[in-house]
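Student: Hi! I've just opened this one and could use a hand finding my way around. Can we go through it together?
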Amino acid sequence: MLPLPELTAENTAFWTGGERGELMIAFCEDCAHAVHPPQLLCPRCHSQRVSPRAVAGTGTVYTFTVNHQPWIPGMDVPFILAVVDVDGAPGVRVTTRLTGADPQAVRIGQRVRIGFEQSGDVWIPVWHANEGDAA
Ligand SMILES: [Zn+2]
């Protein structure tokens, strides 16, 4: 439905980790900075020793919006667009579609878990509201 990312040396781990169910975040091996979006050079200390590793795949809703506008034909509305703080990757916030949550009930601070939707060569991260946490 949406254009797919082009795989590069920097981002292949991120976009293909979903094949194994893993959220891959790049970390600097020298200063431990989480580098996201992934790059080959640490923006903090300029080290080139940046490599991806799997994080837990859980997170917390930092903020969100409920979209009611079908921007392209065939888009299902309403849907929740959330900004999620990623566990185990300090400072990393991802903008994502959030599924499995009632748009009337989603809240800041809600716990979420990652899932993936395969599309061609890439696994698109899609975050889900945790079961039993829809209050
Ligand atoms: Zn660094």
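Student: Okay, where is Pro37 placed?
Tutor: Pro37 sits in the loop between strand E2 (34-35) and strand E3 (50-55). Strands (E, at least two residues) and helices (H or I, at least four) are DSSP runs numbered from the N terminus. Residues are numbered from 1 along each chain as its sequence is written. This is a predicted model, where local features need pLDDT of at least 70, side-chain atom pairs count only at pLDDT 80 or more, and totals for chains, interfaces and linings use all residues.
Student: And is the peptide bond from His36 to Pro37 cis or trans?
Tutor: That bond is cis, with omega near -5 degrees. A cis peptide bond also joins Val77 and Pro78, with omega about -5 degrees. Pro78 lies in the loop between strand E4 (58-67) and strand E5 (79-86).
Student: New topic: what is the phi of His46 near?
Tutor: It is near 65 degrees, a positive value in a residue other than glycine. His46 is in the loop between E2 and E3.
Student: Is His46 buried or exposed?
Tutor: His46 is exposed, because 10 other C-beta atoms lie within 10 Å. The cut-offs, with C-beta atoms placed from the backbone, are 20 or more other C-beta atoms within 10 Å for buried, 12 or fewer for exposed, and partly exposed in between.
Student: What about the strands, which ones make the closed barrel?
Tutor: The closed barrel has 5 strands and runs E4-E5-E6-E8-E7, with mixed pairing. Two strands pair if DSSP finds at least two bridges between them.
Student: How many bridges join E7 to E8?
Tutor: There are 8 bridges between strand E7 (residues 111-119) and strand E8 (residues 122-129), and the two run antiparallel. Val112 stands opposite Ala129 in E8.
Student: Which residues touch the most other members of the largest nonpolar core?
Tutor: Val112 is one of them, along with Ile25, Ala82, Val84, Val86, Leu98 and Trp127, in a core of 28 residues. The largest share, 6 residues, comes from E1. A nonpolar core here is a set of buried Ala, Val, Leu, Ile, Met, Phe, Trp, Tyr and Cys residues joined through C-beta atoms within 7 Å. In soluble globular proteins, nonpolar side chains tend to be buried together.
Student: And what does Ile25 touch, leaving out residues up to four places away in sequence?
Tutor: Its contacts are Ala34, His36, Pro52, Arg53, Val55, Val86, Ala89 and Val92. Contact means that the C-beta atoms, placed from the backbone, lie within 7 Å.

Note on methods. Contact = placed C-beta atoms within 7 Å.
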